[in-house]
Amino acid sequence: MSKIFFFLFLLLSSVYAGKYPIFYERLATPLYTSMDSLKNLSDIEDLNKSCTLFIANAEQTLQFAKKINASDTSLTKEYLLKLRKLQNEYDHTLHLVHKQISKSIDEDDYERFLQLTNCDLDGLLQNRALLDASLEFYEKKKKKKKSIFLDKQAQKLKLIEEYQNEFVNASVTDTIDSSKKVEKPQIVYLEAKTVDKEIAIYAYNNNSYSVTISINADFSNLKSNKGKYSSLTLGAHASAECTRFTPINSSTYSYTLEYSWILGSKNAVHDESYVYRLPFSLGSSYIVSQSYNGGKTHFGHSRYAIDFAMDVGTKIYAAREGKVAKIKSDSNIHGIGREYSKYGNFVTIEHSDGTFATYYHLMQNGVAVSVGNAIKKGDLLGYSGNTGYSSGPHLHFAVFTLDGELKTQTLPVKFKSADIVVDNPQKGNFYTAM
C-alpha cells in the first residue's frame, strides 16, 4: 500500500467523516490481513522483533477503530495517525523480509526462501531486481517443491512481456519470390523489377511514418549485391531499391525474400538534450502512478514509460513537436489482461530525430488530431481515458525508438516541471507543467 494513500486519507477526512470507522477499516485491510503472515515469519530470528511489534500495534489499532464514534472527529484523526504509523512499521518490516529473501538466495536456502515468499504480504517482491533474482532462483530449484505464488508471478511477467510486444514491438512479415507477383500491395511491400537484365527489388512504404525493413534472401543461380541479410529504413510514403540480383548465367534462377517491417528508423538517435513539456495543461499538477522500471508493467521494452493518474477527459498536450504517425479512438473497452491491450486508444507522434512518443489509454472519440498532422509542442492531442490494458484512468506516456535488435525500446527523457528539469520522475510525486 502506498504511503501516498494515507496522505489522501487526511485530505478526504472531512468528506468521509460520517463513514467512520467502517470506511477506514476497509481501506486499512491490507495492513490487518498481513498479521497472520507475519506471525508465520516471526520464528525467523532477524524478523522476530519487527514482526512481533507490528502485530501488537496492528491489533491495538484495529481495536481502537472499532470503538470510534462516527461523530467524534478527534478520534478519527487520531486513528488516521495510528494508521500512518502502522504503515511505516509495515514498510520497515517488509524491507527486512526482502533482505531475508536476498539472504536465502545467497545462502542457497530454498526452504527458507519458500517460507518467505509464500506469504500474503502487500508489496511482496515489488522491487523488480529482487523479483527477477527470486524467479531465477525459483526456476533452478522448483523441481524440489513448487510455489503457487511464484508461478503466478512468472506467468504475470510473461503476459506483460507479451502485452508489451503487441503494444510497441508489432512487426509484419511477408514473402515474395521469383514466381510471385504483387497483386494487392500491402502497406509495406517488396516488388521485383527487371533493370538491364538484372532483378532489382524495390521496397515501398505507404505509412505516414518511418519504418525499418529486414530482409532474409534465399536465392539460386544469382549474385546479390547485399548478401542474404539486409535492412533499410524508409521514410513516410517513400520507396527505394533494397537489393539487386544478377543472373550467373542464362539458365534458370530462383529467389525467395522473406521480409518484416516495424515502425521506426534503425538510424534514429535520440536528442538527449531535448527538454520535453509535461503532457497536460500548463500550471496543472498530476501524480506519477508508475514511473521508470515500475513493478507492474514498466520494464523490458517499456522500462522508461511514465503513468500519470488523471480523470477521464483531461486534456492531453504534445510534449514535443513532430508529425502524427498513428491514432486510435474508437474503443470504450478496458480491463486487466493482455487481451485488452488492443482496445487502447492512442496518439503516436514521430519526432525530427526519428524517435516516437505515444500517448496511450485515451478516451473513446478522444483524439483531436489526424494522421499526418504537423504538431507543435503544446498542441492539444486529445483527452485522457481508461481504455485498453488499464486498471484505472491514467495517461501512459513513453518515448521510444528501435534498438540494435530492431525492437522498440523506450527512452529516458527530461521534463520541464515548475522551475526545475526532471530527469528521473518518481512514483508518488506531483509534477507541474510549465
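In this predicted model, counting rings of Phe, Tyr and Trp as paired if their centres lie within 6.5 Å gives 17 aromatic pairs. Phe280 lies in the loop between β9 (275–277) and β10 (285–290), whereas Phe308 belongs to strand β11 (residues 306–309), so the pair ties together parts that are 28 residues apart in sequence. Phe280 counts as buried because its relative accessibility is 0%, and Phe308, with a relative accessible area of 1%, is buried as well.

Another edge-to-face pair joins Tyr292 and Tyr304, whose ring centres are 5.1 Å apart and whose planes stand at 90°. Both residues are in the loop between β10 and β11, twelve residues apart, and Tyr292 is buried, with a relative accessible area of 11%.

Elsewhere, Tyr274, Tyr276, Tyr359, Phe397 and Phe415 make up one aromatic cluster. The ring of Tyr274 also has the charged end of Arg320 over it, 4.3 Å from the ring centre, while Lys193 lies over the face of Tyr202 at 4.9 Å from the centre of that ring.

Turning to the helices, the axes of α4 (residues 45–66) and α5 (residues 73–106) come within 10 Å and cross at roughly 155°, which means that α4 runs roughly antiparallel to α5. The crossing of α4 with α5 is left-handed, and the residues of their contact comprise 14 nonpolar, six polar and five charged ones.

Technical notes
Residues numbered from 1 in each chain as written. Predicted model: local features only at pLDDT ≥ 70, side-chain atom pairs only at ≥ 80, totals over all residues. Heavy atoms only, no water. Axes fitted to C-alpha atoms, helices over the stretch in contact; angles between N-to-C directions. Helix = DSSP H or I, 4+ residues; strand = E, 2+ residues; numbered from the N terminus. Parallel < 35°, antiparallel > 145°, perpendicular 65-115°, else oblique. Left-handed = near helix turned anticlockwise from the far one by under 90°. Nonpolar A, V, L, I, M, F, W, Y, C, P; charged D, E, K, R; others polar. Phe/Tyr/Trp six-rings, centres within 6.5 Å; stacked < 30°, edge-to-face > 60°. Buried < 20%, exposed > 50% of the residue type's maximum accessible area, 1.4 Å probe, protein only. Lys NZ or Arg CZ within 6 Å of the ring centre and 35° of its normal.
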